[in-house]
Amino acid sequence: NQLPVFTEQTAKLGMYGAKPEDLLRKAIDTVQHEYAHNITKFPQFKNIIKDAVDIGIPSDLKLKGKPGDALSIRDLEELFTRAIDIERVYRKTGDINDPIVDLDLQYIQSVLDKKYKKDKNAPYDYSSALSYINAIRPTVVNYFDKIEEIVKDQSLPIPKTPKQPTTLRP
């Protein structure tokens with residue numbers, strides 16, 4: 001059954017009127033998002049997360065408050081994970097015109113709007129989010145490169161270790 005679902009629960013997900021297949025894709029995306037949070041805690045990703053936090057916010061975004069009022073490390077890590085989600089969709093479909101990407105861009109924009117001034121000359125709602133995505137993309141690509149490196153290393157045969165000599169006991 002691929003009829004649209006019009007429930008309060010789908011509305012809370014931002015997917016009111018979505019088809020069951022879209023809801024399933026959203027569930028898979030959520031699991032992958034949470035998995036990415038966990039992966040980035042491994043030591044192999046320490047430098048990537050450091051880069052994601054250090055890159056900060058693109059210079060074309062102007063802080064609303066005083067210096068030091070910028071986003072927290074937690075917010076920056078979440079934005080980075082959302083950027084990973086968008087890249088994953090792009091790598092899978094070759095396109096970012098997707099309802100899941102729209103939800104991620106809405107979230108990124110909402111976080112940035114709390115601390116940074118909107119560009120009044122921007123013709124679209126997600127101008128700050130897209131600016132951030134473009135700035136962080138090299139670090140996101142490094143994340144996926146690291147994943148591929150780890151998978152490749154794990155697929156190599158395990159080298160045989162020589163057996164330890166056994167000692168006889170009297």
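Student: Where do Asp 54 and Lys 50 sit relative to each other in helix H3?
Tutor: In this predicted model, they are 4 residues apart in that helix, so about one helical turn separates Asp 54 from Lys 50.

Student: And how far apart are the closest N and O atoms of that pair?
Tutor: They come to 2.7 Å, and the two residues form a salt bridge. Lys 50 is partly exposed, at 48% relative accessibility.

Student: OK, how many salt bridges does the structure hold?
Tutor: There are 11. One of them pairs Glu 77 with Lys 41, with 3.5 Å between the closest N and O atoms.

Student: Which parts does the Glu 77 and Lys 41 pair tie together?
Tutor: Glu 77 is in helix H4 (residues 73-93), while Lys 41 is in the loop between helix H2 (20-39) and helix H3 (46-55), so the bridge links parts 36 residues apart in sequence.

Student: Is Lys 41 buried or exposed?
Tutor: Exposed, with a relative accessible area of 57%.

Student: Switching over to Arg 91, which side chain does it meet in a salt bridge?
Tutor: That would be Glu 148, at 3.7 Å from N to O. Arg 91 belongs to helix H4 and Glu 148 to helix H6 (residues 127-155), so this pair ties together parts 57 residues apart in sequence.

Student: Which residues are in the network with them?
Tutor: Glu 87 and Arg 137 join Arg 91 and Glu 148 in one network, through salt bridges that share partners.

Student: What about accessibility for Arg 91?
Tutor: Arg 91 is partly exposed, at 37% relative accessibility. Glu 148 also counts as partly exposed, with a value of 49%.

Conventions. Residues are numbered from 1 along each chain as its sequence is written. This is a predicted model: local features need pLDDT of at least 70, side-chain atom pairs count only at pLDDT 80 or more; totals for chains, interfaces and linings use all residues. Side-chain values use heavy atoms; hydrogens and water are left out. A salt bridge is a side-chain nitrogen of Lys or Arg within 4 Å of a carboxyl oxygen of Asp or Glu. Helices (H or I, at least four residues) and strands (E, at least two) are DSSP runs, numbered from the N terminus. Buried means under 20% relative accessible area, exposed over 50%, partly exposed in between (1.4 Å probe, protein chains only).
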